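Hi,

Here is the structure I promised to pass on. Have a look first, and my notes follow below.

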Amino acid sequence: MLRQNNKRLLYLLIWVAIGGLCIREVPPLIHLQSAKTALARRELSRADALLRRCQNSWLCGHESHLLSVRSAALAGEWQKAEALLRKTTQTGKRTQLEDALLMFRSGDTSRAETWLIASEDLLGDTQVVDLLEALIDGAVRDRDPELAQSCLGLWTQMTGIEPDSGDGNAAARSKLAAWQGDLTWSMADVAIEFFRRAVELEPRNESAELKLAILLIEYDCAEARRRLRVLAQKSPDLGVIRLQLAGCERELGNFEVASQLLDVLLKQNPADVPVLLERGQLSLDESKLDEAEEWLRKAEKQEPGNRAVLRSLARCLQLAGRVEEAAGYRRKATP
Amino acid sequence: MRMRQQVLIPVAVIVVSGLAVLWQLRPDAQSPAILSEVSLRQPEDQNDTSTQLSQAVFSDVTSASGVDFRYRNGEQAEYFTILESLGGGIAVLDYDGDGLLDFFATGGGGFGERTDAEISGCAGRLYRNQGDFRFQDVTADCGLDTADMYSHGALCLDADADGWPDLLLTGYTGVQLYWNRQGHFERASEDSGLTDSRWSTSAAAADLWGQGKTDLFVCRYVDWSFLKDPVCPERGKSEGRDVCAPQNFLAVPSSLYRFDGSSFLDHWETIQPVSEGKALGVVIADFNDDGRPDIYVANDASANWLFLNEGQGGFRECALEQGVAVDDNGDYNGSMGVDVGDFDDSGKASIWVTNFESELPALYRNTGSGGFAWQTQASGLGRLGGRNVGFGTAFVDFDNDGRQDLVFVNGHVVRYPRGAEFLQRPVLLRNVEIRGRQNFVNVSSAAGEWFLQPSRGRGLAKADLNNDGWPDLIVSHTEAPVTILRNLATDSVRNHWLGLQLEGQNNRPLAGATVRVQLQDGERQLTQFVKSGGSYLSSSDPRLVFGLGEADQVVGITVRWPWGELQHWDALDVDQYWLLSEGNAEAVPAAGTAIRQF
C-alpha cells in the first residue's frame, strides 16, 4: 500500500516537474522564435520585448542574449550592444558569429572577406544570410557602396529576391528596399521613395520607418513627427527616436516641446554629444546665447573635433559679438 | 477509481501548465507612453482664426487686363538644357511718366539645332498701364520688339539720370541696356562697356562708389554651352534624361560695374568673395546701417555672399562671418530669390531667401552688432517643409497692418522630380505675433484661387498698379501666362497707409537709403529700406508703401539718403502718396506725377 502510494507520489512529482518545465521553458522558446521573426523584419521594439522574456530561460537564455546584442546593433545602439556582448558568459561559434555581426554592422568591415570565405564551411545558409545583412548594413554605414553592392548581390542570390520583383516575402523585400534607400541616402528625394516602399511592404519595419522619418524632417516635418511619435510609443527607450523627434519639434518652431524631450535624454546621459548639440542649436534658435554656448561647450569637451559642434559654436560666438573667437572656430570647422 | 486518478492528475497538470503557458504568452502590456512626460500641446495659435484670412486678398485679373503673354524656355526641343530651368522676370516701371506703373516681361528663347549658334531669343513685352487694370501691348511702338538674346531678367534703373527709367535685360549672352528716350527705348551701344557675353541672371543698381552714378551688380550663373552639356539621367536612375543640376557646371564670376557717366567698367577682380558662387538673385540695400549700399547675393548650390561697402570702392565679402552664407546646419543652399525687410520692428534690415527643395527658405534676422541669426524655425517657417523650389519673392504688407508679410512663387527646375512636385503652389505668409515672437503663418489656402493653382512660378514683382496704396503682384511663369494679381484686402480691412516716392538730387540712385516713419502714438516706428534688385530676375515698384494699421496719422518721417545725410519731414496726411525730394524740406503730393526710378 505504502509502495503504491509512493509510486503515485512519484508519478505526481514527475508530472508536476514536466508541467513546471513546460510553464518555464515553452513560452521562452515560443518567444524566441517570434523574436527571430520580428528581428528578421526589423520590428525592433517587439523583438526586444520578446527577448526580455527569454533571458532567464535555461534552454534559450544564451541565444536570446545574443539576439539582444543584434537588436541593439540594428537600432544603432553600439555601446549597449557591446556591453551586452561582454556580459556573455559562454563562448563558441555562435558567440563569435554575433561578435562578427556586431563588428560588421558597426562599420568595421575589414575582415569581411575572411568571414565570407570561412562561412561556406562553417555556417548554415541562415547564418550566411545574417552575415551578409550585417555586412550590407556596415558597408552602408562605412560609406562603402562597392562592398554594399557586392554583398547585396550575394544576398539576392541566396534569398532569390530581386529588386523590382514582386516575388519573395514582404519582409525580405522591405529590407531590400531599405538598403536601396541607404545607398541613395545622399539623394534624399530618391531615398525617401525607397524607404516609403520598404514601409509599405512591411509596415513593421521600424528601422526603415525611422530612416524615412529622419529624411522627411527636411521635406515634411509634420509627417516625420507623426511617424516618430508612433515609433517612440513602440520603443520608449530608444534615444535616437527622441532626439529626432526633438529636432522635428525644433524645426516646427515648438521649442518648448523640443526642450522637454532633450532634457529627458540629457538626464539619462549628460554627455551625449548629438543631444548636447541639438540642445545648443535649440538655444541658439531661441536666441539664448549664453545657454547655447554652455551646451555647445559641453559637447565640444566630449568631442573636440566634431565639426557640427564647432560650426554651431562659431555661429553662437558670432551672434554674441565675439567675432575673433568665432572666426577661430569657423577655421577649425573647415575641412 | 485509481485508474481515474491516474488519468486525471496528468490531465490536470497539463491543463494547468497549458493555461500557465498561455498566461506567459499573453501579449505585452501597452508600452509606457514615452511622451507622457512631455507636454505635447502644439501652438494651436497657428490655426487660430485670428491669424487666418476672412476673405481672398488677391484676385487674378489677367484675363480682363489685356495681358496675354508667356515666357518661353524652349523645352519643346527636348534638349534638357539647364538654360531652360531659370525662367523669366518682370520689371515694373513708369516708362511714359504718366504716373501709372507699366511693366516689362522678358520673353526667354528657344532652340534650333543642338548648337550654340541656334540658341535664339523671344521678344519680351512692354505693357502700358491704361488704368483700372487694363494694359496695352506697346512693345513694338517703344522699340523693344527685339529678340536677339535668350533672356531671363529685367531691371529698371535710371542709368543716365535723366528722370526716364531705363531697362537692363539679362540673359544667356550677357546683358542689354536700353535707354529710355522719353518713352521710346534705344539699345545702348557697345561703348557702354556692357559687352561681356557670359550668362547673366539678376541685376541690381546703386551708387556703390558714392559718386552719384548708377553702378551695377550683375549676377552670372554657370559655364554652360552645348559643348559643355553632359547627359544627366533622371533623378535616382541610370537611364532617361533630365535637366542637369548646377553642380555639373563651373561657376562664372559675377560682375561689379562702375559707371563713369558714359561707360561701365567691371571691377569684379577687386573684390574677393570667400567662395565662388552661381549667382541667381541680388538685392542692394544698407544691411549694416552705416548709410552705404551693400550687396547681398543668393547663389545656387554655393554659399551666399554679402558684400559690405567700406567706401571708396572697397567691398568686404563677409557672409559667412555675418551668418548669412549658409543655413543653420552650416550647409549652403540652392538659393534663388531674395528680399530685405524689417519684419520684427527692430528697425534693422533682415534678409529673406527662397531655396531649393529639401531646404527651408532662409530668414536671417539682423541682430545689429552680431550680424544675422538664422530665424527660420523660430518664425514658424519650418512648417513649410522642403517641398518648394522657391523663386520670386517679396516682403509685402498685403493688408497694410504695418507688418511685413511674405509671398513667394515656386516650381521645379527638372522635368522628373522625385521629392517634390513639378508644378508647385505659390505661398502667402502672414506676419503675426505669437507669444511675443513674430511668426509667419501660411494663409495661402484662403488668399485667393490663384494660390491654389500649381505652376512653375519664377519672376515676381510687387507694384501698386492702381495707386490705391495696396500692393498688387505680377508673376512670370515658365511656359504659362504672366499673371496679374489685384489686391482686394482693401475691401475687407480698414487700415491706413502712407506712400512715399523718393527723389535724389540730380536723379541719383537711392538704393541704400533707409526710411523711418514715426506713428502717431509715439511708440511704433516703421522702417523700410530703399533697394534695387530683390525677388528673382525682377524689379518692383520703386515707391515705398507703409501700412499703418489703424493709425491715421504719422508724426514724422526721416530719410537717411545713401552715403549718410539725414532729412526729416513732419506730419503728413495718410492714405496718399507723397514725393520727398532730397534737399527739399517740403513734401509734395505725388498723385499723377511720374514715378521715378532710382
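To start with one residue: is Phe356(B) buried or exposed? Bear in mind that this is a predicted model. Phe356(B) counts as buried, because it has 21 C-beta neighbours inside 10 Å, and the cut-off for that label is 20 or more. You'll find Phe356(B) in a loop of chain B, between strand S21 (350–355) and strand S22 (362–368). Leaving aside residues up to four places away in sequence, Phe356(B) touches Asn333(B), Gly334(B) and Val389(B).

Now chain B as a whole. There are three helices and 39 strands in chain B. Its radius of gyration is 28 Å, close to the 25 Å that the globule rule gives for 598 residues, so chain B is as compact as a globular protein of that length. Along the principal axes, the C-alpha trace of chain B spans about 125 × 65 × 50 Å. As for burial, 56% of the 598 residues of chain B count as buried. Taking the contacts in chain B between residues at least 6 apart in sequence, 62% join residues at least 24 apart.

Two bits of strand pairing are worth a look on screen. One is an open sheet of five strands in chain B, in the order S19-S18-S17-S16-S34, with antiparallel pairing. Strand S19 (314–317) and strand S34 (532–533) of chain B stand at the edges with a single partner strand each, so one side of each has no neighbour in the sheet. S34(B) pairs with strand S16 (residues 278–285) of chain B in the antiparallel sense, over two bridges. To find that spot, look for Ile284(B), which stands opposite Ser532(B) in S34(B).

The other is strand S24 (residues 390–396) of chain B. Seven of its seven residues are buried, so S24(B) is largely enclosed by the rest of the structure. S24(B) and strand S25 (residues 405–410) of chain B pair in the antiparallel sense over five bridges, and here Thr393(B) stands opposite Phe408(B) in S25(B).

Last, chain A. Chain A is divided into domain 1 (27–68 + 79–86), domain 2 (91–159) and domain 3 (274–335). Between domain 1 and domain 3 of chain A, the C-alpha centres lie 40 Å apart.

Cheers

Terms used:
Residues are numbered from 1 along each chain as its sequence is written. Chains are lettered from A and ligands numbered from 1 in the order in which they are written. This is a predicted model: local features need pLDDT of at least 70, side-chain atom pairs count only at pLDDT 80 or more; totals for chains, interfaces and linings use all residues. Helices (H or I, at least four residues) and strands (E, at least two) are DSSP runs, numbered from the N terminus. A residue is buried if 20 or more other C-beta atoms lie within 10 Å of its own, exposed if 12 or fewer, and partly exposed in between; C-beta atoms are placed from the backbone. Two residues are in contact if their C-beta atoms, placed from the backbone, lie within 7 Å. The radius of gyration is taken over C-alpha atoms; the globule rule is 2.2 Å times the number of residues to the power 0.38. Two strands pair if DSSP finds at least two bridges between them. Domain bounds come from an automatic or database domain assignment.
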